[in-house]
Amino acid sequence: MRRFFYLGALLMKLPAATVLAAGMSVEQVGQLEQVTAVAANPDGSHVAYVLAVPRAIPAEEDGPVWRELHVVGPDGESTGYITGPVNVGAIGWMPDGETITFLAKRGDAKTRRLYGISVRGGEARELASLATDIHSYSFSPDGRQVAFLAFESEDEAVEKLTEQGFSQIVYEEGLKNRRIYIHDMDNNRDPLMIALDGSVQEVQWSPAGDRLAIKITPRQLVDDTLMFNRIRIIDLDGEEIGRVENPGKLGRMAWSPDGEHLAFIGTNIINDPREGRLMATGNAGGEFNDLIPGLEGHVWYLNWLDDDRIVFISYEGVEARIGTIAPDSSDQQTWIQNGPIFNGLSPTDNGSLVLTASTPEHPPEVYRLAAGAERAARLTRHNGWLNEIELARREVVRYAARDGLEIEGILFYPLEYEQGERYPL
């Protein structure tokens, strides 16, 4: 199995394969805008994405980047829908593909709420809220209900102490469990909580409409969320239909469009240092299969192209691969092997993929890979000033470790490197 590493003198850590150049100042690095999430509507005509925009220091108060909502339309032009000092997250689409959904804390709201904004623009409207922040959400296939996760409300006694100035935080004490709530979009009643033992980390509504796949831990502790995250299949009343007894760490999961299969990223053994095996199981859980047992790398992203094809992004050596495979592990195909470093994935009904990807020349941008195409087309072009920056030479290096394992790395040369001269490593 190949491993990889980076060689070179770096001032700070940046996303994989993003811009690394001795010709850039620290201030310029701090000005980089990056696409952090992407979601295409079902027919692929519109692509919503989140753009991380650094604050303008010292004009603005110091703090984390702003996260704006932008949309690439059918004409290929990108338009800012919600911009400025905002923090948009968890973007998605209503099933009809006409409304972009997202989580944010807007206006005078004290909690993170679920909003929707028309693909034609206009003002966003609130779709669901609780007394605590909404963490994530998943719509029913008909769009009439939404399941979302939120922590339990704080005890009144603790709230009173907080108001009196008690602000101490004791590590892993007083933690609340994260709960599932079902909200009916057709009325204004309070969302209904599904009572479960444990703390829910993720929920995915089955396209069949009759069940939910959840990730759940015994408690909201760091070790539990890392090592004891397990998949359960429940009905809409919280009754368990089935379970997946995956060992160790657990990554992303996704239902097949017909709701017959659930694909997920997990491990084969509890000692695996991170999740990275592509797995598939039935709609009631139970036995699961490692679809690519000989993979020399890790799968980080997955979704479904249709009922019988899983699409995935794996990192192998210093490259990213986009591939497809059937849920019975047959018919594995590679779409792209060497190209940008893909780190986001949103399929459309016409078989194309919308992705985020970075290269040595630029941070993550939005790309589209048309069905059957050999190369992904770049849709967005932020940080235009990078075209004027001189970038350092780089190359992949390989050597064998003492046990024969092949090590891969990326060597970055000094910006003004001269052949024959010696430089510190």
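**Exercise 1.** Does Arg274 count as buried, partly exposed or exposed, and at what relative accessibility?

*Solution.* The model is predicted: local features need pLDDT of at least 70, side-chain atom pairs count only at pLDDT 80 or more, and totals for chains, interfaces and linings use all residues. Residues are numbered from 1 along each chain as its sequence is written, and side-chain values use heavy atoms, with hydrogens and water left out.

Step 1. The classes are buried (under 20% relative accessible area), exposed (over 50%) and partly exposed (in between), with a 1.4 Å probe and protein chains only.
Step 2. Arg274 has 28% relative accessibility and therefore counts as partly exposed.
Step 3. Its salt-bridge partner is Glu275, with the closest N and O atoms 3.1 Å apart; a salt bridge requires a side-chain nitrogen of Lys or Arg within 4 Å of a carboxyl oxygen of Asp or Glu.
Step 4. Glu275, at a relative accessible area of 16%, is buried.

**Exercise 2.** Describe the salt bridge between Arg106 and Glu123 and locate both residues in the chain.

*Solution.* 
Step 1. An N to O distance of 2.6 Å joins the two side chains.
Step 2. Arg106 lies in the loop between β7 (99-104) and β8 (113-118), and Glu123 in the loop between β8 and β9 (125-128), so the pair ties together parts 17 residues apart in sequence. Strands are DSSP runs of E of at least two residues, and helices are runs of H or I of at least four, numbered from the N terminus.
Step 3. Arg106 is partly exposed at 22%, whereas Glu123 is exposed at 61%.

**Exercise 3.** Treat the pair Arg179 and Glu152 likewise.

*Solution.* 
Step 1. The side chains meet in a salt bridge of 2.9 Å, N to O.
Step 2. Arg179 belongs to strand β12 (residues 178-184) and Glu152 to the loop between β11 (145-151) and α2 (156-163), 27 residues apart.
Step 3. Arg179 is buried, with 13% relative accessibility; Glu152 is partly exposed, with 26%.

**Exercise 4.** How many helices and strands does the protein chain have, and how does its radius of gyration relate to the globule rule?

*Solution.* 
Step 1. The chain has 3 helices and 31 strands.
Step 2. Buried residues make up 48% of the 425 residues.
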